[in-house]
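Open the model in your viewer and keep the selection panel at hand. This tour goes stop by stop, saying what to select and what is there.

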Amino acid sequence: TIRIAPEVWHNGRFIPWDEARVHVMSHVIHYGSSVFEGIRCYKTERGPAIFRLREHIQRLLNSAKIYRMEHNWTLDELCDACVELVARSGLDQCYLRPVIFRGLDERAPAFGVNPFPNPLCCYICAWDWGKYLGDEALERGVDVCVSSWNRMTSNSMPPLAKAGANYMNSQLIKMEAILNGFAEGIALDDRGYVSEGSGENLFLVTDGRILTPPLSSSILLGITRDSVIQICRELGIPVEEREIQRASLYLADELFFTGTAAEITPIRSVDRIVIGSGKRGPITARIQQVFFEITSGQRPAPGEWLTYVNEH
Ligand code: PMP
């Protein structure tokens with residue numbers, strides 16, 4: 001069973017889990033008007049520590065800005081709310097889910113597409129989330145496919161925003177992958193270049209160099225992706241953001257996904273073509289090791305990456 005924080009943050013107050021409810025006619029239910037974040041809080045010797053909290057909350061505010069959500073929640077207020085929620089939950093590690101959405105004003109309902117009349121709501125929930133792509137994925141790697149669905153284009157649904165509605169595209173990719181016996185799908189962008197997984201960024205290792213698709217390939221600018229790029233710089237491994245062709249996936253020495261939920265997950269096959277040795281590769285293993293040393297507080301990060309909940 002999953003351990004869930006008994007309280008939910010709502011507009012500066014903590015409410016019981018059971019009371020965090022919305023009306024079925026809320027704008028978000030019908031028109032997908034939400035933006036959200038996913039943040040991990042890691043168990044360390046100094047207690048729970050939230051990974052790159054400010055960067056995640058800044059991305060939430062950026063997503064809200066793109067969708068013209070005008071509100072008064074500040075970066076500091078939402079960061080403090082996350083810290084307090086974890087502290088009150090008693091969880092030693094968890095996943096945090098802040099979400100801002102268009103609700104319903106029950107005294108002056110507005111049912112049309114126009115989002116402006118609807119009130120904005122902000123909630124933060126937390127639960128202990130295990131390994132996203134399966135218990136053995138981090139060590140053994142996962143089998144994936146290239147999706148028949150493309151990632152949406154930046155002038156239709158901007159992938160730069162972490163909007164709830166973007167995950168309809170992610171669901172098409174994920175469902176197709178699962179029904180065909182794969183753990184995850186990789187989407188191409190509308191031009192046919194490699195984009196990302198349904199909830200993960202992607203890295204290739206070829207000839208000792210690391211490549212990852214650029215923003216122009218319809219990706220979410222992942223915070224784990226940025227962390228991996230910074231870790232590689234520290235390790236002296238060159239990283240290039242470059243457009244990648246589908247066939248280059250098959251020829252890579254190593255492939256891995258990055259994401260808050262997926263962390264650093266090796267990919268052992270694409271479309272049933274074995275990648276490299278078919279096992280977690282040495283460079284993936286090294287980056288993974290350093291990443292987990294940092295998130296567990298055992299190794300200094302390249303920046304202020306951990307917010308220690310008990311010392312805040
Ligand atoms: N791409 C998509 C579509 C995602 O949903 C996620 C998960 N937030 C990522 C990439 C990875 O981003 P991050 O490392 O910030 O979690």
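## Stop one: helix α2

Select residues 53-66, the 14 residues of helix α2. At 1.5 Å a residue, α2 should span 20 Å, and its end C-alpha atoms are 20 Å apart, so the two figures agree. Bear in mind that this is a predicted model. The protein averages a pLDDT of 97, and 100% of the residues score at least 70. The model's ipTM is 0.99 and its pTM is 0.97.

Stay on α2 and colour its buried residues: L53, H56, I57, R59, L60, S63 and A64. Now look down the axis of α2. The buried residues fall within an arc of 155°, so they line one face of the helix. An α-helix has 3.6 residues a turn, so residues three or four places apart point the same way.

Step just past the end of α2 and click R68. Its phi is positive, about 55°.

## Stop two: the core

Next, select I50, C82 and V86. The largest nonpolar core has 74 residues, and these three touch the most other members. Where does this core lie? Domain 1 (7-127) and domain 2 (137-295) both give residues to the core, so it lies between them. In soluble globular proteins, nonpolar side chains tend to be buried together.

Zoom in on C82. Leaving aside neighbours within four places in sequence, C82 is in contact with I39, I50, L53, L96, P98 and I124. One of these, L53, is also among the buried residues of α2.

## Stop three: the loop at K131

Move to the loop between β7 (120-127) and α4 (137-140), and pick K131 there. Is K131 buried or partly exposed? K131 is partly exposed, as 14 other C-beta atoms lie within 10 Å. Not counting residues up to four places away in sequence, K131 touches A137 and L138.

K131 and T265 are 134 residues apart in sequence, yet 9.7 Å apart in space, C-alpha to C-alpha.

## Stop four: helix α6

Finish with residues 223-235, the 13 residues of helix α6. At 1.5 Å a residue, α6 should span 18 Å, and its end C-alpha atoms are 18 Å apart, so expectation and model agree.

Colour the buried residues of α6: I223, T224, R225, S227, V228, I231 and C232. Then click G236, which follows α6. The phi of G236 is positive, near 75°.

Key. Residues numbered from 1 in each chain as written. Predicted model: local features only at pLDDT ≥ 70, side-chain atom pairs only at ≥ 80, totals over all residues. Core = buried A, V, L, I, M, F, W, Y, C linked by C-beta atoms within 7 Å. Buried ≥ 20, exposed ≤ 12 C-beta atoms within 10 Å, placed from the backbone. Domains from an automatic or database assignment. Contact = placed C-beta atoms within 7 Å. Helix = DSSP H or I, 4+ residues; strand = E, 2+ residues; numbered from the N terminus. Expected span 1.5 Å × (residues − 1). Arc of directions from axis to C-beta. pLDDT = per-residue confidence, 0-100.
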